[in-house]
Amino acid sequence: MSLFDLEHPIVLGPFGGLSSVALAAAVSDAGGLGSYGLYGYDGDRIRSTVAELRQATPRPFAVNIWLPMGDEVEPN
């Protein structure tokens with residue numbers, strides 16, 4: 001855990017479309033690894049979301065960048 005400066009072995013699942021800056025920052029501030037799912041985000045939105053996360057917490061956080069390849073199956 002010292003590699004990531006975490007106090008607790010907790011990782012927030014980075015679910016694209018369901019992530020929030022506030023929740024990711026709260027998990028990081030509590031000593032875990034807050035994560036944010038960036039499913040379908042373009043470059044500008046990724047940069048602005050990461051900037052929001054950096055502003056919301058001084059602690060480490062993770063982002064999950066999903067790059068759609070065009071062959072994904074839509075859920076029913």
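A polar contact is a pair of N or O atoms within 3.5 Å, where within protein one atom must be able to donate a hydrogen and the other to accept it, and residues adjacent in sequence count only if both atoms are side-chain atoms. The model is predicted, so that local features need pLDDT of at least 70 and side-chain atom pairs count only at pLDDT 80 or more, while totals for chains, interfaces and linings use all residues. Residues are numbered from 1 along each chain as its sequence is written, and side-chain values use heavy atoms, with hydrogens and water left out.

**Exercise 1.** Find which backbone atoms the side chain of Ser-19 reaches.

*Solution.* Begin by locating Ser-19, which lies in the segment before α1. Its side chain reaches the backbone oxygen of Phe-15 at 2.8 Å, and the side chain of Ser-19 also reaches the backbone nitrogen of Gly-37 at 2.8 Å.

**Exercise 2.** Determine which residues of α2 are buried and where they sit around the axis.

*Solution.* Take first the extent of helix α2, which covers residues 43-56. Next, apply the accessibility cut-offs (buried is under 20% relative accessible area, exposed over 50%, with a 1.4 Å probe and protein chains only): Ile-46, Thr-49, Val-50 and Leu-53 of α2 are buried. These residues lie on the same side of α2 because they cover an arc of only 100 degrees around the axis. Finally, turn to the face of α2 directed away from its buried side, where the exposed residues Asp-44, Arg-47 and Gln-55 are carried.

Technical notes: Helix = DSSP H or I, 4+ residues; strand = E, 2+ residues; numbered from the N terminus. Expected span 1.5 Å × (residues − 1). Arc of directions from axis to C-beta.
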